[in-house]
Amino acid sequence: MKHYIIDSHSHLWLRQDTVVNGLPIRPLPNGRADFMGEERQMLPPFMTDGRNTAEIFLSNMDYAQVAAAVVVQEFIDGEQNEYLREVAAKYPDRFFVSGMCDFRRPGFLPKAISLLDEGFKGLTIPGHRLPMGKDRMWLNSPEMVELFKEMERRGAILSLCLADGATQVGEVKEVIQECPELKIAIGHFGMVTTDGWMEQIKLAEASNVMVESGGITWLFNSEFYPFPSAVRAIREAADAVGWDKLMWGSDYPRTITAITYRMSYDFITKSTELTEEQKHLFLGDNARRFFGFGSLPDLPYIKNMSE
């Protein structure tokens, strides 16, 4: 079997232009953004126009020998459905794209169903950004469960990030019980640096649930490359649910403001604590099976000018 590297958590957008919790998120020059009242380096500084396009990502992927990527969405980026439909049509072998609508208030079901009708093979719910107070949006609400049953019937995949620890784990367990064939990818490696992260990992004990590591280098950013604590956390998660339940994700492009795209995974390839089989499963084999990627390109290594 030929092994490929697949990124199971990335983002694309033409323009960030949205409001979250009443605060704006807008692009600024040189890769920066007005992020809810604070100026932040949202993109690498060479991405000067604020556009985070598929073509720039593909250039990074080809350089880093990443064969394919799963593109999820986030409320902080604004809805990107129209652009992602174009990306999927233009690069069907390289990207699995997920649709998203505003799950933060009731009445989302018709829009979510329409996204499935339009051809999206998956939907993203940024569960960690759902209202948590008196207007809490429950992941096991009747409207959510109706959507999940429809996704289960169609074979669509749910990409789901959760609030810290076990806050929403009970809700997801009920969804798993109601929809035992719904394929779910739990994001951000359970928010691994927060208390109770293993409760999210253990959701992958269910046969239809996987865990992806999008943002793990961000979560361990204070330790920095080569992220030895991240490697240990991955081994701990594998001990709990098995190596066949874990997938690598980068959280591109936000994470490459601190490191290169290749660095977001080569701390795994260079680790002496993992076997070659474990690396292959984590970096691509599991994602290829779960998301159903078919023919993938063989990407040669290109020497750097500094070598």
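Reader: How many disulfides does the structure hold?

Author: In general, a disulfide is a covalent bond between the sulfur atoms of two cysteines. Here the term is applied to a pair of cysteine sulfur atoms within 2.5 Å, and the structure holds zero disulfides. Before we go on, please keep in mind that this is a predicted model, in which local features need pLDDT of at least 70 and side-chain atom pairs count only at pLDDT 80 or more, while totals for chains, interfaces and linings use all residues. Residues are numbered from 1 along each chain as its sequence is written, and side-chain values use heavy atoms, with hydrogens and water left out.

Reader: Is cysteine 101 buried or exposed?

Author: The words follow relative accessible area, where buried means under 20%, exposed means over 50%, and partly exposed lies in between (1.4 Å probe, protein chains only). Cysteine 101 has 5% relative accessibility and so counts as buried, and cysteine 179, with a relative accessible area of 1%, is buried. For the chain as a whole, 57% of the 307 residues count as buried.

Reader: How many helices and strands does the chain have?

Author: Helices (H or I, at least four residues) and strands (E, at least two) are DSSP runs, numbered from the N terminus. By that reading the chain has 10 helices and 12 strands.

Reader: Where is phenylalanine 282 found, and which residues does it touch?

Author: Phenylalanine 282 is found in helix H10, which covers residues 276-291, and it counts as buried because its relative accessibility is 2%. A contact means heavy atoms within 4.5 Å; leaving out residues up to four places away in sequence, phenylalanine 282 touches several residues, among them Phe189, Trp243, Trp248 and Ile268. A distance can also be read from C-alpha to C-alpha: phenylalanine 282 and lysine 245 are 37 residues apart in sequence and 8.3 Å apart in space.

Reader: What does threonine 18 touch?

Author: Threonine 18 lies in strand S2, residues 18-20, and its 13% relative accessibility is why it counts as buried. Not counting residues up to four places away in sequence, its contacts include Leu23, Ile25, Phe75 and Gly78.

Reader: What is the value of phi of asparagine 21?

Author: Phi of asparagine 21 is near 55°, a positive value in a residue other than glycine. Asparagine 21 lies in the loop between S2 and strand S3 (23-27), and with 67% relative accessibility it counts as exposed. Phi of methionine 191 is likewise positive and near 55°, whereas methionine 191, at 11% relative accessibility, counts as buried; its place is in the loop between strand S10 (183-186) and helix H6 (197-201).

Reader: Which peptide bond to proline 226 is cis?

Author: The cis bond runs from tyrosine 225 to proline 226, with omega near 10°, and proline 226 is found in the loop between helix H7 (216-219) and helix H8 (228-241). The bond from tyrosine 252 to proline 253 is also cis, with omega near 5°.
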